[in-house]
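Let's take a friendly walk through a protein structure. Have the sequence and the 3D view ready, and look up each residue as its name comes up.

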Amino acid sequence: MIDRFSTIRERMVQEQLVSRGITDERVLDAMRAVPRHLFVDDALQSRAYGDFPLPIAAGQTISQPYIVASMTQALHLSGEEKVLEIGTGSGYQAAVLSRLCAQVYTVERINSLLAGARKVFDTLNYFNIVSKLDDGTLGWPEHGPYDAIMVTAGGPAIPEPLVEQLVEGGRMVIPVGDQYLQTLELVEKTADGVKIMELERVRFVDLVGKHGWQ
Ligand code: SAH
């Protein structure tokens, strides 16, 4: 997409992503393409491409661009996948995912956020994103199993329903820890169970729900 932020977006890709080791060209292209400024409040548009998270409505946050890229890259998407995201928020992460796979399902528990995200998806003609209002720690069993799952809020443990709704060979990224600091975990579901790799220290808002914080 060509807009008044195209140059700034390219600089974001070079200075924040390439320089820190994001190498997946498809991920870099998606981050070049998605107009991040449309997912934040008008008053914050000029800061949308900065190297930091930003507040969105209802006390939630849109992640720093590098974290979005890093979590996306960890899923190894090739284009054919069905992906589940928990925590739609602004919709930015879902939009990035939608450029990289066949279908995105995204679940949000706060209605005002979901409504805002849906409006942007419509404006941008991102038709391969389906969303619903619910407790995402329960997953979205009707459309599963998923090739990949991304959780963009931090919980005390990996919600069991999400593991169940992942295909064998599938990958999930999720921040796990206390309410101040978490470790980004990469979960791979194999024939002999689940393999967990720790990626990096992160700080996310709370995953609130049956299999999250109460
Ligand atoms: N991916 C979002 C990040 C938003 S912050 C973006 O790109 O903007 C995390 C979001 O997770 C918040 O909007 C919060 O309301 C939501 N959330 C927290 N617990 C949830 C749950 N159990 N189910 C669905 N969404 C949840």
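## How to read the model

This is a predicted model, in which local features need pLDDT of at least 70 and side-chain atom pairs count only at pLDDT 80 or more, while totals for chains, interfaces and linings use all residues. Residues are numbered from 1 along each chain as its sequence is written, and side-chain values use heavy atoms, leaving out hydrogens and water.

Helices (H or I, at least four residues) and strands (E, at least two) are DSSP runs, numbered from the N terminus.

## One side of helix α2

Which residues of helix α2 are buried? In this helix, which spans residues 25-33, they are Val 27, Leu 28, Ala 30 and Met 31. Buried means under 20% relative accessible area, exposed means over 50%, and partly exposed lies in between (1.4 Å probe, protein chains only).

## Around the ligand

How many residues surround the ligand? There are 26, and the closest are Gly 87, Ser 90, Glu 108, Gly 136 and Val 208. A residue belongs here if one of its heavy atoms lies within 4 Å of the molecule. By type, the shell divides into 10 nonpolar, 10 polar and six charged residues. In this count, Ala, Val, Leu, Ile, Met, Phe, Trp, Tyr, Cys and Pro are nonpolar, Asp, Glu, Lys and Arg are charged, and the others, Gly among them, are polar.

Now look at single atoms. The side chain of Glu 108 has an N or O atom 2.6 Å from an oxygen atom of the ligand. A polar backbone atom of Arg 109 is 3.3 Å from a ligand nitrogen, and a backbone N or O atom of Gly 136 lies 2.7 Å from a nitrogen atom of the ligand. The protein covers 99% of the 580 Å² of accessible area that the ligand has on its own. Such areas come from the Shrake-Rupley method with a 1.4 Å probe. The elements that give two or more residues to the shell are β2 (61-62), β3 (82-86), α4 and β4 (103-108).

Most residues other than glycine have a negative phi, and most peptide bonds are trans. Ala 58 is not a glycine, yet has a positive phi of about 60 degrees. Ala 58 is in the loop between β1 (54-55) and β2, and is partly exposed, with a relative accessible area of 45%. Asn 125 also has a positive phi of about 60 degrees without being a glycine. Find Asn 125 in the loop between α5 (111-123) and β5; at 47% relative accessibility, Asn 125 counts as partly exposed.

The peptide bond from Gly 144 to Pro 145 is cis, with omega near 0 degrees. Pro 145 is placed in the loop between β5 (129-133) and β6 (146-151).

## Residues with partners elsewhere in the chain

Is Asn 128 buried or exposed? At 15% relative accessibility, Asn 128 counts as buried, and its place is in the loop between α5 and β5. Its side chain reaches the backbone oxygen of Ala 102 at 3.2 Å. Leaving aside neighbours within four places in sequence, Asn 128 has contacts (heavy atoms within 4.5 Å) that include Ser 98, Arg 99 and Cys 101.

Glu 188 lies in strand β8 (residues 182-190). The side chain of Glu 188 makes a polar contact with the side chain of Arg 171 (3.4 Å). A polar contact is a pair of N or O atoms within 3.5 Å; within protein, one must be able to donate a hydrogen and the other to accept it, and residues adjacent in sequence count only if both atoms are side-chain atoms.
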